[in-house]
Each structure stands twice: as C-alpha cells, then as structure tokens.
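Dear colleague,

I am passing on the structure below, and my notes on what was found in it follow. Please keep it open beside you as you read.

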Amino acid sequence: MVFDQYLLGGVIALLAGFMFLYNYSYRGKKIMSSTKEKSMELYSNGFVKTSSNGAVSPSGIPKEGTDVIIVGAGVAGAALAYTLAKDGRRVHVIERDLNEPDRIVGELLQPGGYLKLIELGLEDCVKEIDAQRVFGYALYKDGKSTKLSYPLEKFHSDVSGRSFHNGRFIQRMREKASSLSNVRLEQGTVTSLLEEKGTIKGVQYRNKAGQELTSHAPLTIVCDGCFSNLRRSLCKPQVDIPSCFVGLVLENCDLPYANHGHVILADPSPILFYPISSTEIRCLVDVPGQKVPSVANGEMATYLKSAVAPQIPPELNASFIAAIDKGNIRTMTNRSMPASPYPTPGALLMGDAFNMRHPLTGGGMTVALSDIVVLRNLLRPLYDLHDSSALCKYLESFYTLRKPVASTINTLAGALYKVFCASPDPARKEMREACFDYLSLGGICTNGPVALLSGLNPCPLSLVLHFFAVAVFGVGRLLIPFPSPRRMWIGARLISGASGIIFPIIKAEGVRQMFFPVTVPAYYRVPPVQFSCSRRS
C-alpha cells in the first residue's frame with residue numbers, strides 16, 4: 001500500500017516514544033488508582049452527602065453559609081454549579097445577565113463533550129431546545145468533498161455531537177442548576193475578589209438593584225468567560241487573536257450532508273456550516289486578523305457576496321445571499337489563550353476565563369465539561385474547604401490532571417487552523433493538500449484524526465503521530481515517482497513548517513504536563529487528612 005510506504009519511517013521513529021509514554025502512564029495509573037479508591041471510599045463513607053434539602057455535614061446536621069462561589073453562569077459556571085450542588089455543596093452563583101445569551105459560537109458540542117454531559121447528569125439539557133444530532137464533518141476543497149464520520153460504533157446509539165442555539169442550551173443548564181435548593185443563582189456584577197493575606201475570601205459584587213454587596217466562601221471559582229475582568233489576578237493571560245468570525249443564519253435550506261458540520265477550505269481561511277435548529281444553519285466565515293470589513297457601511301455584505309459566496313457549495317448559495325440581504329450579520333473575535341494559572345489559595349479559574357483555543361474545531365465546551373469532571377472528582381472526598389493553603393496545594397493536581405485532554409484539544413485547534421488557512425507558500429499549500437487527501441483515505445487515517453477532533457480519544461501522542469503522518473504523506477506525494485531538487489526542497493520545508501506550527505503550541509501548553517503528566521509531583525496529590533477522615537467522628 002502506497003500510504004504505508006510514506007508512513008513506515010515515521011511510525012518506527014515514534015514507536016520508542018510511545019513505549020516510554022506507556023511505561024510512565026502504567027506506573028502513574030496504578031498509583032492514581034489506589035488514590036482514587038481511597039478518595040471514593042471517603043466519599044461513600046459520608047464526608048460529603050447529597051441532600052435534596054441542601055448540604056449536610058458528616059453527622060447529618062444541616063450546614064449554614066456558602067461553600068463555593070461561582071462567578072459566571074455560562075456553560076462552565078452553570079454545569080459546575082449543578083455538579084457541586086448535587087454533591088452536597090452550598091453554591092452561590094453570580095451572573096452578570098440572566099437573560100438568554102445570544103452568541104454565534106458555543107453551538108456545537110462534540111461527542112466527547114456529550115459523554116461528559118452524561119457523566120455529569122446534564123444530558124437532558126440538550127432536549128426541548130430543537131438541538132440537532134451531528135455525526136461528523138464534510139470537508140470541501142477546490143470543488144472536491146469528503147465525508148468524515150465520527151467513530152461511534154462502540155458507543156450507545158444516543159451518543160453523537162449536538163448543535164443548538166447557545167443561549168437555549170445555557171438557559172436549560174441554569175434551570176437545571178437552580179432546581180437544586182442548595183444553589184443560589186443571582187444576577188449581579190462581580191467587581192473584585194476579596195483578598196486577605198494572599199487568600200481569596202470571596203467577592204464584592206453589585207446586584208441587580210445596584211447595591212454593593214459581598215459574598216464569602218472558602219472557595220471562589222471564576223468562570224466569567226473570554227472577557228473576564230478577574231483573570232489577571234489569578235493567571236498570566238497571554239491572549240492571541242488570530243482571526244474573527246462573521247456569523248450568519250441560513251434559513252429553510254438543507255446541507256449537502258445531513259447532520260454533518262461542513263468545513264470549506266476557502267481562501268483565505270475556512271468557512272463553517274452546521275445546523276443549530278431544524279430550520280436554521282449557522283454559517284461562520286473566518287477572517288484572518290483583528291479587523292473585518294465594516295458591517296454598517298455595507299463593506300461586509302460586499303465582501304461576503306464577492307469573495308466568499310463563490311467558494312461555498314452551490315446548494316447553499318441562494319440561502320447564503322438571502323441571509324446577507326436580510327442584514328443580521330454578526331462578528332466576534334476568535335481568541336486563544338494557554339492556561340497559565342497562579343495557584344491562589346481560595347480561588348480557581350475555569351472555562352474561557354482560564355483557557356481558550358480557536359473555535360474552528362468546536363472543542364471549547366468539551367474542555368470545560370472535562371475540567372468539571374476532574375474538579376468534581378478531586379473535591380468529592382473533601383468535607384472542610386476552609387484550610388485554603390492546604391486546599392490550594394491539593395488542587396494543583398487539577399492543573400496537571402486536566403492537561404492531556406485539554407492540551408490535545410487546544411493544540412489540534414491551533415494547528416488545524418493554521419493548516420487549513422490558504423498561503424502563497426508552496427510548502428504550506430502542499431501541507432493543506434496533503435491534509436485533505438490524508439483525511440480522505442479512510443480507515444485509521446480518517447478515524448484517528450476525527451477521534452481527536454470529536455474528543456472521543458484526546459490522546460497527545462496520537463495527535464503528534466497523525467500530524468506528522470500528514471507531513472510525511474505530503475513529502476511522499478512530492479517525491480514519488482520522480483524526486484527533483486525543487487520537490488525535495490519543498491518537502492524539507494513542509495516538514496520544517498509542520499514543526500513550526502505544532503511545536504510552539506505544544507511548548508505553550510507544557511510538554512511535560514501534556515505528554516508525561518505522571519512525572520509531575522502534583523499528579524499524585526491526595527486529599528489533605530484534615531479535610532476528610534480526621535474530621536469524621
């Protein structure tokens with residue numbers, strides 16, 4: 001098989017690294033297994049008990065006050081509030097605006113994210129909002145198309161991606177959280193964190209009536225989104241804005257591939273289509289850079305009709321033009337930000353306030369929900385959260401345990417965006433062409449990358465293997481059947497360019513935490529004794 005010839009050298013070269021990672025992972029899993037068993041034993045013995053009437057202590061006596069303050073009730077905040085409250089925590093959620101949000105992203109939940117939704121008991125939040133099932137992607141380039149289906153054969157028939165109106169999904173999650181009596185959901189604007197001797201003790205906020213109030217809790221979790229005004233005191237934000245999205249809604253038309261997202265490898269950058277209801281299709285046009293043509297003076301409409309419309313599938317052209325003429329054109333900046341937290345006693349960052357990636361792959365909600373599962377499992381054995389210093393040290397493991405999944409999805413989003421963008425550079429052109437053809441091969445060449453994209457197998461080593469398999473495949477296409485000096489030079493630059501795309505992203509994410517988390521001491525943190533068993537009487 002020709003493909004095997006292209007990849008054989010690359011597979012052999014990476015095999016040693018795989019075995020090294022496997023050995024470390026096996027050792028780490030054995031240690032973590034015993035730690036988790038101990039933690040779950042503590043949980044089952046009653047250090048935190050769930051009660052429909054609110055939180056209770058180990059002795060069964062109702063507690064008073066607030067255990068956790070959550071700033072923001074978007075996808076991450078609402079899901080986290082429900083999850084912690086279901087485990088018996090008393091949660092105070094402060095959200096700036098409790099009206100239904102109206103956004104043009106956060107509308108596609110990958111199958112891996114849906115599995116996390118099930119794990120958290122929130123799967124009914126995609127019901128009764130006209131959510132659409134998504135089974136994969138269709139990829140278009142230069143008039144050619146290929147269908148990339150999610151590898152769902154081993155999962156229950158209900159498992160797939162879901163696409164929907166973001167605001168409807170968030171409102172369902174808020175309703176679910178506020179249905180628990182130990183959740184207090186309040187509209188207000190948090191203006192600052194309350195700090196005392198380096199420890200966060202709560203927040204100061206302005207409620208809906210304009211009153212200045214304070215709320216205190218041993219743990220404050222900031223989930224106030226990509227425009228967070230609190231993150232600077234909890235992390236070192238390095239926000240990059242690679243592009244902007246221009247959003248439209250196409251009505252009463254059918255996608256060429258039903259129940260699939262559509263990605264057009266256009267010039268200069270990708271165009272996305274996916275259903276958000278039974279009668280509406282979201283279109284997102286990526287515009288590189290931080291400036292877009294003006295919507296107000298008509299420049300945007302002209303740009304969309306003249307530069308974008310000729311590149312979309314003919315079946316969608318009429319609806320695309322009609323959506324432009326309707327005039328409801330939205331824009332938003334696309335942001336990426338690696339997680340660089342300052343471990344701070346009494347506080348934690350989550351969601352887009354903590355970590356962002358390019359929304360091309362729709363991985364943001366999957367990362368957020370995965371983070372919530374990790375945090376829930378860490379907090380479950382704990383009863384007393386008031387020793388902020390010890391809790392902070394223990395929760396350092398959160399930043400390590402989340403890394404393999406989050407960093408894989410983040411790296412894939414950043415790398416795929418750069419590969420999918422058009423470039424005059426011959427090596428970049430070859431990489432883009434090789435990526436399309438590699439994904440079209442089927443088998444492991446399709447299922448492997450799509451399993452990464454869908455969040456079903458967010459494995460860092462698999463990501464690197466497939467990324468460089470595409471590069472090797474591209475070099476093979478150049479050199480077979482007759483290599484020439486020019487083709488060899490382009491091939492060398494293709495490998496160099498691929499390295500220049502992925503390695504800086506991996507470096508920003510953290511090589512050790514991403515590939516070898518079991519070598520990080522925080523990986524093995526166990527619950528502080530004074531938080532759990534020693535407090536039981």
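Are helices α10 and α12 roughly parallel or roughly perpendicular to each other? This is a predicted model, in which local features need pLDDT of at least 70 and side-chain atom pairs count only at pLDDT 80 or more, while totals for chains, interfaces and linings use all residues. Residues are numbered from 1 along each chain as its sequence is written, and side-chain values use heavy atoms, with hydrogens and water left out.

The axes of α10 (residues 426-439) and α12 (residues 460-479) come within 9 Å and cross at roughly 110°, the axes being lines fitted to C-alpha atoms, for helices over the stretch in contact, with angles from 0 to 180 degrees between N-to-C directions. The two helices are therefore roughly perpendicular to each other, a term that covers 65 to 115 degrees, whereas under 35 counts as roughly parallel, over 145 as roughly antiparallel and the rest as oblique. Helices (H or I, at least four residues) and strands (E, at least two) are DSSP runs, numbered from the N terminus.

There is also an open sheet of 7 strands, with mixed pairing and the order β6-β5-β13-β14-β15-β12-β16, where strands pair if DSSP finds at least two bridges between them. Because β6 (144-149) and β16 (330-336) stand at the edges, each with a single partner strand, one side of each is left without a neighbour in the sheet. Strand β12 (residues 240-251) runs antiparallel to β16, joined by 6 bridges, and antiparallel to β15, joined by 9 bridges; in β15, Arg 282 is the bridge partner of Val 249.

Best regards
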